[in-house]
Amino acid sequence: MPVLSELAGVGLPDWIDALLRILFIVALMTVNAFGLIYLERKVLARFQARVGPTKTGPIGTLQSIADALKLATKEDVRPTTADRWIFELAPYFVFVPVFLMFIPIPFTQDWVVRDVELGFLYVFGVLGLNIVGVVMAGWGSDNKYALLGGVRAAAQAISYELPMLLVTVGVVMIAANHLLDDGLSTSQALNLNFIADDQRTTPYIILQPLGFAIFMIGILAELHRPPFDLPVAETEVVGGYFVEYSGMRWGMFFLAEYTALFLLVMLAVVVFLGGWNWPFGEDVGLSLQIVLTLGKAGAFIFVMFGTRALIPRLRIDQLMAFSWKVLLPFSIVQVIANAIIMSYGGADWILGLVSLALLVLLIALVSVQMRLKAGAGTTTIRREPARPRMITAQETSSAGASGD
Amino acid sequence: MPPLENVLIVNAIIFAIGVMGVLTRRNAVLILMSLELMLNAVSLNMVAFAVYGRVGFGNFTGIIFALFIIVIAAAEVALALGIVVRTFRNRATANVDEINLLKW
Amino acid sequence: MSAAEAVYYVVAVVAILSALGVVLAGNIVHAAIFFILALGGIAGFYLMLSVEFLALVQLIVYGGAVTILILFALMLTRARERPQALFGKTRPLGVVASLALLAAFIGASVGTDWFEQTPRGDIEPVPFQELGDVIFTVWIVPFILIGILLSIALDGAVLLAVPDEED
């Protein structure tokens, strides 16, 4: 980022520059997490016809800081039979990859921490490390509920990471196709800054609406947010994989979740909505671009908060069935359709049309499933309705004798 | 960049550690982990040859080989772990010394 | 020693010590954590050799998937509750065999007159598109075969995981 070097005035050696960027990331993400927690509580409250935090600070804005202070001063309790190394390492395995994810995401045309050539692969690599932390937390707590929650959370995260990856492949195919049309090398197709750059006129959401939908659902599932929060819900598995953590360690999990929410929504905005580039593009200055990016991200974070308030929780088998039986086939079909259309030289709007058709099919499939008795995403076996039987005399007498 | 021999020696050390793991450890999952270490050392060797030999060879065979090794190793681990879990269900042990029904 | 060589030695030491940790750790789950570290060390090696693509693929495949598979398998085989004998009777033989192999490899590596190498400090990143071109033209048959292999492995794993129906 040129901002930091200009602020310092002189050319800094590389490692001081890197250190400053790291500190900037940490500070920004902490402030961001505080803001998001407060906003979530307010938004959820309004959805539920109440007010939310109002006492601490003006309209309750200092509530998050008060919570953070409370967490920091809590006693650090550790179960004695818990494996000490794994218990204590697990929050770092969850926390550090999320912050590493911050690096390739471009906020404006120039403001990216580091323009990673293979940005997409990098983001999905660190998402995988996140999942390892979840399993370690569940295992290291020496608590059956924590283990159950941890295993379910990891299984859910892996299952939903697959459709997200395939949808990303679809988007990268479009970007590479544009590069090939221009005669350039396709090495840039994985670069996030280039993908934002490519959406000068049409954002990819118009070309791949199914991809956007699957990506958004995938974000909810990766972060174990409602409606996919069965592994971490208090009423289900007593809190899941972080039940034995207290104080700052729990705070790290919480911080990681909200930071990851912001970063993944920023990724979705950059990839599907054009990031800083659409609708005004490079004509506007950097400051308006950041407003554009944050505005889009804010709108979709609001949508995520809304889904938390409005949609009931999915059962674990419904969750897994939805990913493997519905989302994965659709994303595979999307990639194949992309490939077929592109290899026959179809225009971009054909891509968009096919993807929209698939999205409509997905919504239709889900609504039809929800009308059946078993709920969304599960396979149902039609049973015959119970026919009225002749009640025999034996049954009546036994029913009378049991004294009810 | 260190000379080629350094990278090869590090790979040899990791490979030998993997061999030791396969020969000494008794838990089936640990044997699989040591096997993965060996495969990784080999693929790193291939990549080192491909990168250091750009002047001599000029092609990417080693890197592609390493990619294929990663894919095959992942598939193999999945299947092998499935077998281990199944064996555990039947014999209630993951210790390879105790799975000796066929031993004379 | 320049910064690049210092980084090389640090990564090498991390990888070797983690590999030793996998093989010598008393607790199985600690061995799994050392495994992640060893694979991370190898990914660091790939980064140093400027093959970033392979480093990230290694991170995704091994760090994200194989590690979780191994942790799940450890959980399903009750690794914690039944600490089985971690080292068997073949331990001295194993150590001797691996040391002999190591000696053979080091002898071969140091003793051979290697080909004309890329000069030090001259390694440029692998051009990504050329890699893709080579995979899809020269190596297309192995690529398709690997796809078939992965499908077979997936089917096999699902078949193995289906529980028996108890009648």
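Guide: The side chains of R225(A) and E40(A) form a salt bridge, 2.5 Å from N to O. The term stands for a side-chain nitrogen of Lys or Arg within 4 Å of a carboxyl oxygen of Asp or Glu. This is a predicted model, in which local features need pLDDT of at least 70, side-chain atom pairs count only at pLDDT 80 or more, and totals for chains, interfaces and linings use all residues. Residues are numbered from 1 along each chain as its sequence is written, chains are lettered from A and ligands numbered from 1 in the order in which they are written, and side-chain values use heavy atoms, with hydrogens and water left out.

Visitor: How is chain A divided?

Guide: Into domain 1 (1–73) and domain 2 (81–370); the bounds come from an automatic or database domain assignment. Their centres, taken over C-alpha atoms, are 22 Å apart. Domain 1 of chain A puts 20 residues into the contact and domain 2 of chain A puts in 26, where contact means heavy atoms within 4.5 Å.

Visitor: How many salt bridges between those two domains of chain A?

Guide: Two. There are also four residue pairs in polar contact, both residues at pLDDT 80 or more. That term means a pair of N or O atoms within 3.5 Å; within protein, one must be able to donate a hydrogen and the other to accept it, and residues adjacent in sequence count only if both atoms are side-chain atoms.

Visitor: Which element gives the most on the domain 1 side?

Guide: α2(A), with 15 residues. Helices here are DSSP runs (H or I, at least four residues), numbered from the N terminus.

Visitor: And what area is buried between the two domains?

Guide: About 2100 Å², of which carbon and sulfur atoms give 83%. Buried area is the accessible area (1.4 Å probe) that two parts lose on being put together, summed over both. In domain 1 of chain A, the residues that lose the most area to domain 2 are M29(A), E40(A) and L71(A), together 28% of what that side buries.

Visitor: Switching topic. What is buried between chains B and C?

Guide: About 7300 Å², with 77% from carbon and sulfur atoms. Chain B contributes 73 residues to the contact and chain C contributes 86.

How values were computed. Helices (H or I, at least four residues) and strands (E, at least two) are DSSP runs, numbered from the N terminus.
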